[in-house]
Amino acid sequence: MPGGLLGLLGGGALAVGSFLAWADAAGPNISGEINGLTGSNGWGTLIAGLVVATCGALVWSGQRHSWVRAAMFVAALTGLGLAVGSMLDIQSTSDDLPATLRASGVDADIANATSLDLSLGLWIVLAGGAVSLLASIIGLARRRRPA
């Protein structure tokens, strides 16, 4: 039942990380956090985490139905994909931020000093997605034992 416990933990991390900050904005005239639930990816990781955690709890309690394992796999893959996509999006936005600000009329020195960095919540979601995927693979790889 290690797959069930890992699924419960990984799904919990996916869900909890969705509520936390995913990016930190900093610069001479700006500072703040961007919460995971501000965008649709955060809601997707929250739902994926809840599905994975529920499936993990079912597997941990002894449910060995193939649909539970399959649902855990799909939700884990979705959560991990959304986390990776969000990381790439934030990195791309961060790379383009100075040029975008300069094009908007912001002073070049201020624009160049402004940054957007990944925050703890997104790292937790990424780790939760990876653990969830591992748990689902363990669950899918285990043969069904006779009762």
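**Figure 1. Helix 5 of the predicted model, residues 120-141**. Helix 5 is made of 22 residues. From its first C-alpha to its last, helix 5 reaches 32 Å, close to the 32 Å expected at 1.5 Å a residue. Its buried residues include the glycines Gly121, Gly128, Gly129 and Gly139. Leu122, Val125, Leu126 and Leu133 are also buried, as are Ser132, Ala135 and Ser136. These buried residues pack against three helices, namely helix 1 (2-18), helix 2 (40-60) and helix 3 (66-103). They also pack against strand 1 (21-27) and strand 3 (115-118).

**Figure 2. Serine 119, in the loop between strand 3 and helix 5**. Serine 119 counts as buried because its relative accessibility is 10%, and the cut-off for buried is under 20%. With neighbours within four places in sequence left aside, serine 119 is in contact with Ala21, Trp22, Ala23 and Asp24.

**Figure 3. The bend in helix 3**. Helix 3 has 38 residues and reaches 54 Å from its first C-alpha to its last. This is close to the 56 Å expected at 1.5 Å a residue. The helix bends by about 45 degrees at leucine 97. A proline, proline 98, follows within four residues. Just after helix 3, glycine 105 takes a positive phi of about 95 degrees.

**Figure 4. A nonpolar patch on the surface**. The patch is formed by Leu5, Leu9 and Trp60, which together have about 300 Å² of accessible area. Tryptophan 60 belongs to helix 2. With a relative accessible area of 44%, tryptophan 60 is partly exposed.

Terms used
Residues numbered from 1 in each chain as written. Predicted model: local features only at pLDDT ≥ 70, side-chain atom pairs only at ≥ 80, totals over all residues. Heavy atoms only, no water. Helix = DSSP H or I, 4+ residues; strand = E, 2+ residues; numbered from the N terminus. Expected span 1.5 Å × (residues − 1). Buried < 20%, exposed > 50% of the residue type's maximum accessible area, 1.4 Å probe, protein only. Contact = heavy atoms within 4.5 Å. Patch = residues over 30% accessible without salt bridge, like charges linked within 9 Å, V, L, I, M, F, W, Y side chains within 5 Å. Areas by Shrake-Rupley, 256 points an atom, 1.4 Å probe, with all protein chains shown as cover. Salt bridge = Lys/Arg side-chain N within 4 Å of Asp/Glu carboxyl O. Bend = angle between axes of the 7 residues up to and from the residue.
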